[in-house]
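Me: I would like to learn how to read a model of a protein with DNA, feature by feature. Could you take me through this one?

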2 protein chains.
Amino acid sequence: MSRTPAGTGRAARVPTTPPTLADVAERAGVSRQTVSNAVNNPDLLRADTLARVLRAIDDLGYSPNRAARNLRTRASHLIGMRISPAQEGTANATMDRFVHSLVETSREAGYHVLLFAGDADDPLTGYDDLLRSTAVDAFVVTDTYLGNPQAAWLEERRAPFVAFGRPWDNPAAEHPWVDVDGAAGTDLATSYLLDRGHQRIAWIGWRKDSWIGEDRRSGWSRALHARGLPTTGLASRVEDTVSSGAEASAVLLDEAHPTAFVCASDTLAMGVLRTLGDRGLVPGRDISVIGFDDSQVAQVVWPGLSSVRQPLEDAAVEIVTALEGLLAHPPTVGPGVMLTPTLALRGTS
Amino acid sequence: MSRTPAGTGRAARVPTTPPTLADVAERAGVSRQTVSNAVNNPDLLRADTLARVLRAIDDLGYSPNRAARNLRTRASHLIGMRISPAQEGTANATMDRFVHSLVETSREAGYHVLLFAGDADDPLTGYDDLLRSTAVDAFVVTDTYLGNPQAAWLEERRAPFVAFGRPWDNPAAEHPWVDVDGAAGTDLATSYLLDRGHQRIAWIGWRKDSWIGEDRRSGWSRALHARGLPTTGLASRVEDTVSSGAEASAVLLDEAHPTAFVCASDTLAMGVLRTLGDRGLVPGRDISVIGFDDSQVAQVVWPGLSSVRQPLEDAAVEIVTALEGLLAHPPTVGPGVMLTPTLALRGTS
DNA sequence: TGCTCACCTTGGAACGATCAAGACGATCCC
DNA sequence: GGGATCGTCTTGATCGTTCCAAGGTGAGCA
């Protein structure tokens, strides 16, 4: 069979136009509106009519044109989420898990997730355009680690959004948010170690300007203080890199002689493991280590890094629930939701 | 100030309708079409008119309504991509990096990425609906590891899509695809080890039903054969888990006495590292190990796992280029694109 | 038979953009 | 000077859906 010249094309090659409401209506012998009702308000139709229409829909493989529906209803059923570049050299893989949970949960609620990127320096890139062109119904704002300019900006424009991360710098913020209680997580980890007899538990966390870091740190100190134990000299605040964790743990081992480490991240915990290895200390037997985030690294490394695991699946569910409330008529905005992490125990503790 | 009762609301609370083309037209004293041209075909306007219209657009903060534009132009400027659940307990973090690259590159081409989920058992979930409702212009199909039913299905429906992964089971497939040459990667890794004097290099890969696994394996055997070295007894095919890698490497060490390992994944390589640790062997000094994918695990583990790194950023660029060709008028579909991975060298080699 | 009522169904008008074609000077050329 | 051409802008129709208000139909009742 010879190829027909470009331009004319075979009939089958012509991109056949998808069926429309009118096509279905004609086939079912009813009007457009009846088909629309069959799709959106089936209760309004007599049973046999409904069946006939559904049959026609099925026969033709009809699915409502999203653009037309969006235009009429002023809703896109799309949720925008900005993603920032993955950081190389760290164990931060929470986004992967969270994004997937969000996509999954959104689907059940009839929404899709639209990703967009932005410049690292300007946290507002992308939001503005998507908002004004009514491309998305709402946003999920995730990167709230250093204050939250997006939240203030979106709130000002009355754009519907839910933050994953509490409004650290503005406790009076009125937007819905969902967060994981980092302090509860480190408290859990620290208390677990205390229960196993540890008395000197060190902390390696992030620099003081990180709200999340300070929150996680507070769980560690809270747990120690609750048992009347001191924290002095047992804490270190460094960059979130493996080598920083290694150096900090070396110093702490020399100066404070801890028997266990709780870390603000798995990245830092990996640094601790490196130092232990260098000194011939066996993690889990000689020194216990617990990280944070339950990354793939924690799951794969030998002998398994114990870690605080964020309930990202639950977070996604809560976020979608909040979004649904926000987009309902009238909108309902509930209070912030705080979730408690769990402990994934492995060989290092 | 007392709150006005619900329903009436203050003026500021009323969700103000975004400006439309007509608003801009009125403000600029021109017709709708002229505004449309100012946005889409600026060359058609006289300079002063253009300036006046742009001014009005800026004043009003106008941005074309996506739904309306989509309806008229029959295009959504959205690219659909299905994501499958992240696998726990493995080091497969390539998706994270790829998705980000894709989002970034798409943006430059004027596209956004829409994520959707599907059941693990039915690889077609989601595609159908998005396609029929014309919600996306095209798809990026990623999970082509076991044949590729989506590709055949989409091709049959003449849906525009680009596959990340070559059409293993159908070399005659006519759809555009982009892939990374796994064999070249493992060849690179093996040859590197050979250059460093290794003679007995073992392979730990996946079960035989994995096209990708066999491809990667062929690079290893190719490199050995090129130097006249045998492969017999040096290969093992197992599940993609850490413990499988550990067991396989233990057996290989006992029976074949290799001095180096090349693995089909970082997960398997982590298993090798565990076995080496158990036996008091130092990776990089006593035995070299090279993994595949350059996951976060490889970057974070001590002493750094050498790994074959896929050029995912380049892949995203190629994919978007192919998509643009596919969506152009008339569509142009180029040949498949094969990219060569690089070697990320670290402590284990 | 005539009336009401409930229940479906119907045609027309948005939604906000682009497409196709037309209007209107000004310019050009023979 | 008249007709064709060009550049610039305007007008009316259209994309496919949902909203709106009115129209039909049959059952139930007096």
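Me: Before we go on, which conventions should I keep in mind about numbering, confidence and atoms?

Reply: Residues are numbered from 1 along each chain as its sequence is written, while chains are lettered from A and ligands numbered from 1 in the order in which they are written. Because the model is predicted, local features need pLDDT of at least 70 and side-chain atom pairs count only at pLDDT 80 or more, whereas totals for chains, interfaces and linings use all residues, and side-chain values use heavy atoms, with hydrogens and water left out.

Me: What is the strand order of the open sheet of six strands in chain B?

Reply: Two strands pair if DSSP finds at least two bridges between them. Here the order is β7-β6-β8-β9-β10-β12 (chain B), with mixed pairing, and the edge strands are β7 (235-238) and β12 (342-344) of chain B, each of which pairs on one side only. Neighbouring strands of this sheet are turned by 20° against each other on average, with direction ignored. Within the sheet, strand β6 (residues 201-206) of chain B pairs with strand β8 (residues 260-263) of chain B in the parallel sense over four bridges, and the bridge partner of B:Ile204 in β8(B) is B:Cys263.

Me: Which strands form the open sheet of 12 strands, and in what order?

Reply: The order is β11(A)-β5(A)-β4(A)-β3(A)-β1(A)-β2(A)-β2(B)-β1(B)-β3(B)-β4(B)-β5(B)-β11(B), and the pairing is mixed. At the edges stand β11 (337-339) of chain A and β11 (337-339) of chain B, each with a single partner strand, so one side of each is left without a neighbour in the sheet. The twist averages 20° from one strand to the next. On the chain B side, three bridges join strand β5 (residues 177-180) to β11(B), and these strands run parallel; B:Asp179 stands opposite B:Met338 in β11(B). Helix α5 (residues 94-108) of chain A lies across β1 (78-83), β2 (112-117), β3 (138-141) and β4 (161-164) of chain A together with β1 (78-83) and β2 (112-117) of chain B, at about 75° to β2(B).

Me: How should I describe two helices that pack together?

Reply: Two packed helices are described by the angle between their axes and the distance between the axes. In chain B, the axes of helix α1 (residues 21-28) and α2(B) come within 8 Å and cross at roughly 100°. That makes α1(B) roughly perpendicular to α2(B), on a scale where angles under 35 degrees count as roughly parallel, over 145 as roughly antiparallel, 65 to 115 as roughly perpendicular and the rest as oblique. In this contact B:Leu21, B:Ala22, B:Val24 and B:Ala25 in α1(B) meet B:Arg32, B:Val35 and B:Ser36 in α2(B).

Me: Which residues are the closest to DNA strand C?

Reply: A residue is near a strand if one of its heavy atoms lies within 4 Å of it. By that rule 26 residues surround DNA strand C, the closest being A:Arg74, B:Leu21, B:Gln33, B:Ser36 and B:Asn40, and sugar and phosphate account for 62% of the atoms of DNA strand C that come within 4 Å of the protein. The element that gives the most to this surface is α4(B), with five residues.

Notes. Helix = DSSP H or I, 4+ residues; strand = E, 2+ residues; numbered from the N terminus. Axes fitted to C-alpha atoms, helices over the stretch in contact; angles between N-to-C directions. Contact = heavy atoms within 4.5 Å.
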